[in-house]
Amino acid sequence: MGWITKSRVKSPWIMHFDNSSCNGCDIEVLACLTPLYDVERFGIVNMGNPKHADVLLITGPVNRRTGRVLRNLYDQVPNPKMVIAVGTCASSGGVFHNCYNVLGGVDKVVPVDVYVPGCAARPEAIIDAVVIALGELAGGRRHFWVKCPHCEQDHEVTDQRWTI
Amino acid sequence: MNELTIVIATIVLAPIVGGLLFGIDRRITARLQGRYGPPILQPFYDFFKLLGKEGIAVSKMQFVWIYCYLILMIASLLCLVLRADFLVLVFLLGFAGVSLVLGGFSTKSPYSHFGANRELLQILAYEPVLLLLAVGIYAKNGTFLISAITAHEEPMLASLWPLFLAVLYVLTIKMRKSPFDIATSHHAHQEIVKGITTEFSGPFLAIYELTEWYEIVLLLGVIALFWANPLWVGLLIAFAAFLLELVVDNIAARMTARWMVRLSWSIGLFLGIVNIAYLYMTKGVF
């Protein structure tokens with residue numbers, strides 16, 4: 001691993017975007033930054049500017065208005081970039097999937113690298129998702145076995161996508 | 001030959017020292033907030049990551065100005081280590097600040113413009129104090145040369161302590177710490193997106209960070225001049241001032257730009273002018 005790749009893994013700057021979430025997942029994302037979880041230990045910093053960000057954390061289902069904004073933000077993040085869909089709504093649309101104004105999950109608008117299930121997604125799961133995304137950034141695709149928070153069974157997480 | 005060695009050593013070592021200082025800054029800030037904090041080498045990880053990212057060009061002039069900012073800052077630091085003229089140091093530092101402002105103005109982003117306007121207000125707040133310091137040095141030594149300061153047996157702090165207090169104030173403004181992180185701010189703080197650095201991305205943001213490392217070394221060096229003989233006392237004072245800034249950063253909230261200029265001009269200029277007037281009365285005409 002070169003210096004730059006090593007540094008990339010150690011300093012992911014995150015930008016958090018709320019599509020049309022109920023704010024449950026947003027609160028969990030912010031909880032990651034509190035002294036209890038303190039993600040700055042791993043160099044993870046919350047950025048307000050897409051031009052400085054490496055990882056996009058997106059919460060909530062995409063609707064017709066936020067879709068345009070999300071696409072714009074995604075285009076402004078310099079490469080290499082990762083996208084993490086946080087929560088059930090961001091992954092698939094969740095309970096809002098058949099609303100007239102909702103397009104569905106985040107992957108309807110931008111390519112997603114890691115999906116985090118849960119309503120709301122736990123801070124541990126969000127940190128885990130960032131770790132998986134970093135594994136991808138470092139070049140290695142890894143397989144994980146992760147306990148599903150709902151059915152309490154182990155599921156294989158392959159090719160950086162959750163197969164739940 | 002000897003001077004060339006000093007120049008090369010400064011250009012190589014200053015960013016290492018500056019980066020480590022910022023690493024210590026982030027660690028201590030985290031501890032003050034009850035967190036564990038990132039590793040001391042975190043600023044270097046950030047720097048190399050930014051070097052490897054794509055640089056998005058909004059306006060090509062922006063890149064000219066950010067290189068100007070770096071080169072002028074290095075020139076200003078070289079003035080200090082080569083013990084040249086203090087007045088030239090202050091002007092080069094001013095030019096460096098103006099280059100960053102022009103870099104902010106060279107894009108069309110309103111956030112960048114806001115940041116650049118506020119950076120101008122910051123320059124307005126600290127530049128008179130630094131100029132008064134230069135006048136104070138002249139009043140004391142009869143020359144602007146830094147070599148005269150280091151040759152003097154009596155420390156500058158004894159007769160210029162009001163100006164020292166004013167320079168501590170300047171350090172807070174230049175380090176972009178609360179309550180003066182107005183133009184742009186450090187990690188995990190946000191102010192109108194990212195202020196003047198909003199439009200800098202990838203390698204150009206890395207150059208900005210590199211310049212900040214040179215800048216912190218330069219400012220702490222200027223503070224060390226207050227006790228230049230022996231120099232280690234001055235360096236200890238500079239490090240203590242740095243730690244003081246971290247405490248102030250964590251106990252203060254961000255204030256407005258107007259408040260900053262008002263406070264800086266009333267307290268900083270008052271301290272400076274009283275100090276110089278006192279020197280004038282005791283020593284007569286300079």
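Biologist: In this predicted model, what share of the contacts in chain A between residues at least 6 apart in sequence join residues at least 24 apart?

Modeller: The share is 75%.

Biologist: How many helices and strands does chain A have?

Modeller: Chain A has 5 helices and 10 strands. Of its 164 residues, 45% are buried. Buried here means 20 or more other C-beta atoms within 10 Å of a residue's own.

Biologist: Why are helix 7 and helix 10 of chain B called roughly antiparallel?

Modeller: Helix 7 (residues 157-174) and helix 10 (residues 257-283) of chain B pack at about 160 degrees. Angles over 145 degrees count as roughly antiparallel. Therefore the two helices get that label. Their axes are 8 Å apart.

Biologist: What is the hand of the crossing of helix 7 and helix 10 of chain B?

Modeller: Left-handed. Helix 7 of chain B makes the contact through residues including B:Leu160, B:Leu163 and B:Tyr169. Helix 10 of chain B brings, among them, B:Ile267, B:Leu271 and B:Val274.

Biologist: What classes of residue make up the contact of helix 7 with helix 10 of chain B?

Modeller: There are 10 nonpolar, 5 polar and no charged residues. B:Gly268 and B:Gly272 are part of this contact, and Gly counts as polar.

Biologist: How many residues does each chain give to the contact between chain A and chain B?

Modeller: Chain A gives 19 residues and chain B gives 27. On the side of chain A, helix 1 gives the most, with 5 residues. Strand 2 (45-47) of chain A is one of the elements giving two or more.

Biologist: Which classes are found on the side of chain A that touches chain B?

Modeller: That side has 5 nonpolar, 8 polar and 6 charged residues.

Conventions: Residues numbered from 1 in each chain as written. Chains lettered and ligands numbered in written order. Predicted model: local features only at pLDDT ≥ 70, side-chain atom pairs only at ≥ 80, totals over all residues. Contact = placed C-beta atoms within 7 Å. Helix = DSSP H or I, 4+ residues; strand = E, 2+ residues; numbered from the N terminus. Buried ≥ 20, exposed ≤ 12 C-beta atoms within 10 Å, placed from the backbone. Axes fitted to C-alpha atoms, helices over the stretch in contact; angles between N-to-C directions. Parallel < 35°, antiparallel > 145°, perpendicular 65-115°, else oblique. Left-handed = near helix turned anticlockwise from the far one by under 90°.
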